[in-house]
Amino acid sequence: MRGYAKLICLAGAAVMAATVALGAQAKDDPIVGMWMLDTAKSTFKPGPPPKSVMLSVDAAGKGYKISVDAVGADGKPMRWGFSTDADGKDAPVTGNPNYDTAALTRLSAGSGTTVYKKGGKPVMTVKSSVSADGKTLTTTATGTNPAGQEVHNVSVYMKH
């Protein structure tokens with residue numbers, strides 16, 4: 001369960017951060033597309049890192065539809081997703097037992113902050129930014145995982 005919980009925290013933080021990175025809703029929106037975790041460029045405290053995380057970000061109305069396909073360090077798969085307007089209001093998270101909602105706030109065209117909540121209580125904050133060339137998404141997640149451990153993950157995603 002420990003590895004599965006870490007996967008949930010990592011994947012959730014990364015995906016939520018991805019949704020707030022950019023606000024434009026066009027086919028050329030750099031956040032829209034597939035993002036693959038680069039574990040060699042990322043750090044996970046506590047570890048170990050997941051085996052893989054693939055994020056699918058699609059434009060949907062005023063916001064995004066997010067799908068996560070991940071494999072934890074323990075080899076267990078996890079698929080989940082959500083839709084959000086990226087407007088700072090709580091959006092329901094489905095398929096991820098550690099978060100009920102996420103509140104996304106865009107800070108600029110290429111950066112944002114997401115606050116994950118469980119039972120209405122904030123448990124994880126994620127700051128995100130997309131590189132100027134639109135090829136790299138970096139997220140920094142801080143908070144507490146379901147085991148009560150402090151989390152500080154810096155995840156680097158490459159556009160796939």
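**Strands, rings and charges**

Author: Let's start with a pair of facing residues: A103 stands opposite V115, which is in β8. Keep in mind that this is a predicted model.

Reader: Okay, how many bridges join β7 to β8, and do they run parallel or antiparallel?
Author: There are 7 bridges between β7 and β8, and the two strands run antiparallel.

Reader: And how many bridges join β8 to β9?
Author: 8 bridges do that, with β8 and β9 running antiparallel. Strand β9 covers residues 121-130. One spot to look at is T113, which stands opposite K127 in β9.

Reader: What about the hairpin, how many residues sit between the strands there?
Author: The hairpin of β8 and β9 has 2 residues between its strands. G119 takes a positive phi near 60° in that hairpin.

Reader: Why is β8 described as largely enclosed?
Author: Because 6 of its 8 residues are buried, β8 is largely enclosed by the rest of the structure.

Reader: Switching topic: how many aromatic pairs are there in the whole structure?
Author: A search of the whole structure turns up 2 aromatic pairs. W80 and F82 make up a stacked one, with 6.1 Å from centre to centre and 25° between the planes.

Reader: Are W80 and F82 buried or exposed?
Author: W80 counts as buried at 5% relative accessibility, and F82 counts as buried at 6%.

Reader: Which residues form the other pair?
Author: Y99 and Y116, and that pair is stacked too: 4.0 Å centre to centre, 25° between the planes. Y99 lies in the loop between β6 (90-92) and β7 (101-108), while Y116 is in strand β8 (residues 111-118), so the pair ties together parts that are 17 residues apart in sequence.

Reader: How accessible are Y99 and Y116?
Author: Y99 is buried, with a relative accessible area of 2%. Y116 is buried as well, with a value of 0%.

Reader: What does D69 pair with?
Author: D69 forms a salt bridge with R79, and the closest N and O atoms are 3.2 Å apart. This pair links distant parts of the chain, since D69 is in strand β4 (residues 63-71) and R79 in strand β5, 10 residues apart.

Reader: Which residue meets D100 in a salt bridge?
Author: That's K118: the side chains of D100 and K118 meet at 3.4 Å, N to O. Their pair links distant parts of the chain, 18 residues apart, with D100 in the loop between β6 and β7 and K118 in strand β8.

Reader: And the accessibility of D100 and K118?
Author: D100 counts as partly exposed at 33% relative accessibility, and K118 is partly exposed with a relative accessible area of 37%.

Reader: Last one: where does P77 lie?
Author: P77 lies in strand β5, residues 77-84. P77 is exposed, with a relative accessible area of 58%. P77 and V53 are 24 residues apart in sequence and 9.7 Å apart in space, C-alpha to C-alpha.

Conventions. Residues are numbered from 1 along each chain as its sequence is written. This is a predicted model: local features need pLDDT of at least 70, side-chain atom pairs count only at pLDDT 80 or more; totals for chains, interfaces and linings use all residues. Side-chain values use heavy atoms; hydrogens and water are left out. Rings of Phe, Tyr and Trp (its six-membered ring) pair if their centres lie within 6.5 Å; planes under 30 degrees apart count as stacked, over 60 as edge-to-face and the rest as tilted. Buried means under 20% relative accessible area, exposed over 50%, partly exposed in between (1.4 Å probe, protein chains only). Helices (H or I, at least four residues) and strands (E, at least two) are DSSP runs, numbered from the N terminus. Two strands pair if DSSP finds at least two bridges between them. A salt bridge is a side-chain nitrogen of Lys or Arg within 4 Å of a carboxyl oxygen of Asp or Glu.
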